[in-house]
Amino acid sequence: MKRRSFLKNSASAAILTGVAGCSQTSSGNEETGSQLTPGSGPYYHQGKSEGYKDFAIIEKGLRIKKIETFSKRDIALVKVSTDDGSSGWGQISTYNSDLAATVLHRNLAQIGWGKEPSEIDDLVDLCVEANLKYPWSYVNRALGGIDTALWDLYGQIQGKPVCELLGGEVKPVPIYGSSMSRAIKPDEEVQRMIRLRDENGITAFKYRIGKEASHNGDAWENRTEDMIATMGPALADTCALLADANSSYTPDRAIHYGRMLEESGVIQFEEPCPYWETEWIKEVSDTLAMDVSGGEQDNDIAKWRRMINSHTFDIIQPDPLYLGGITRTWRTALMANKMGIPCIPHSANHGMVTLFTLHLMRAIPNPGKYLEFSIETGGINDELMAMYSPALKIENGSLNLPAEPGWGITISKEWLEASDYQLSESAL
Ligand SMILES: [Mg+2]
């Protein structure tokens, strides 16, 4: 039974939500998290929740001196340096990354001047709140680059991987092989997943249904029906199966396909409805027995709080770089943890976002079972994998987590030389 159903049907619901840290009384609304008494609070800014402690990973006393970006159209790296010569590397979210790099230099960089790099919570909040007129896509994409560079900086200073700085343990993380393709035919999809299962020991896969934000469209007529009819019999006995609709359906069609997915052995249905239609998603997740997941595009942390408290999803999937970095993803995972909801940060390509998610999965208190790992080769993944070393490795269905300080990687000089360089530097 889903936890949500259990809560609805159990007399101990109020006790459980109380244990989970919700500030509700027995007559409060455990589904929405609304407060009983107007004006009584508590009121938490920017996704902080009860018991949240601001990070203090390094000593105070440094100042942010330089922020550099190295951009191509769809990939951009960020280097943050402090006045003692320490530095760390992060990444801006993929796609239109050159635009996000410009936003970083115009809207964010100067916010860091004179600030303590140790006080990342304050810095991240300032960057968002100073840009209240620009919610939140490009601001958070750019902020993700600064935040992840600061976490690497912390790791370099402390000589520890980020995972350990967050209280986690360096261990491989099980993955699910994630297909990104709606051009692939059902038989071809089965063949490549069987090959990856047998060669790499991967025991979970996700395939695509519907057509992205298509008002109930499909890649071609009956592709979704054929995918569901083919994937289950071929793989459900040996692998966990997941399906992703990328905002395809109205709730009626999502429930229709969701029931077909359930019958074919699929255990997780991702982004069934347009992601901005929160009530539609909840209608689907309340109706289906299977886990409904999503949230990769959601970059408003107050919306995250509402979606978590209303149990819109059974599993949340915030993207560390769409959402603005490790700090904000950490807060979001903690909010979900208080409601008993697992978190699988979204990582749909082989850039540093997969590293960030690896470290988070070994540190957050509520990781889901599998990290998303794209099974697509070529295109942006080749470019991303040429950007850093050592390469990530899959063994026995798990991805290795680098144990070196920070993100545990070295950035390619050749990649940097082929990028566009921009510098913001503090006069302080
Ligand atoms: Mg997805």
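**Strands, helices and loops**

Me: How many bridges join strand 1 to strand 2?
Reply: Strand 1 covers residues 64-71 and strand 2 covers residues 76-82, and the two run antiparallel. Strands here are DSSP runs of E with at least two residues, helices are runs of H or I with at least four, and both are numbered from the N terminus. Two strands pair if DSSP finds at least two bridges between them, and for strand 1 and strand 2 the number of bridges is 7.

Me: What kind of model is this?
Reply: Residues are numbered from 1 along each chain as its sequence is written. Local features need pLDDT of at least 70, side-chain atom pairs count only at pLDDT 80 or more, and totals for chains, interfaces and linings use all residues, since the model is predicted.

Me: In what order do the 4 strands form an open sheet, and which stand at the edges?
Reply: The pairing in this sheet is antiparallel, and the order is 3-2-1-15. An edge strand has a single partner, so one side of it is left without a neighbour in the sheet; these edges are strand 3 (87-92) and strand 15 (420-425).

Me: By how many degrees are neighbouring strands of this sheet turned against each other on average?
Reply: Axes are lines fitted to C-alpha atoms, for helices over the stretch in contact, and angles run from 0 to 180 degrees between N-to-C directions. For neighbouring strands of this sheet, direction is ignored, and the average turn is 20 degrees.

Me: Which helix packs on the sheet?
Reply: The packing helix touches strand 1, strand 2 and strand 3, where contact means C-beta atoms, placed from the backbone, within 7 Å. Its direction makes about 150 degrees with that of strand 3, and the helix is helix 5.

Me: How are helix 3 and helix 5 set to each other?
Reply: Helix 3 (residues 97-108) and helix 5 (residues 137-158) have axes 8 Å apart and pack at about 85 degrees. Angles under 35 degrees count as roughly parallel, over 145 as roughly antiparallel, 65 to 115 as roughly perpendicular and the rest as oblique. Helix 3 and helix 5 are therefore roughly perpendicular.

Me: How many nonpolar residues has the contact of helix 3 with helix 5?
Reply: Ala, Val, Leu, Ile, Met, Phe, Trp, Tyr, Cys and Pro count as nonpolar, Asp, Glu, Lys and Arg as charged, and the others, Gly among them, as polar. Residues that meet include Leu99 and Val103 in helix 3, and Arg141 and Ile146 in helix 5. The contact has 2 polar and 1 charged residues, and the nonpolar ones number 10.

Me: Are helix 7 and helix 8 roughly parallel or roughly perpendicular to each other?
Reply: Helix 7 (residues 186-200) and helix 8 (residues 223-235) pack at about 30 degrees, with axes 9 Å apart. Helix 7 and helix 8 are therefore roughly parallel.

Me: Where is Pro42?
Reply: The peptide bond from Gly41 to Pro42 is cis, with omega near -5 degrees. Pro42 lies in the loop between helix 2 (13-19) and strand 1.

Me: Is Asn96 buried or partly exposed?
Reply: Asn96, in the loop between strand 3 and helix 3, has a positive phi near 50 degrees without being a glycine. A residue is buried if 20 or more other C-beta atoms, placed from the backbone, lie within 10 Å of its own, exposed if 12 or fewer, and partly exposed in between. Asn96 has 16 other C-beta atoms within 10 Å, so it is partly exposed.

Technical notes
Two residues are in contact if their C-beta atoms, placed from the backbone, lie within 7 Å.
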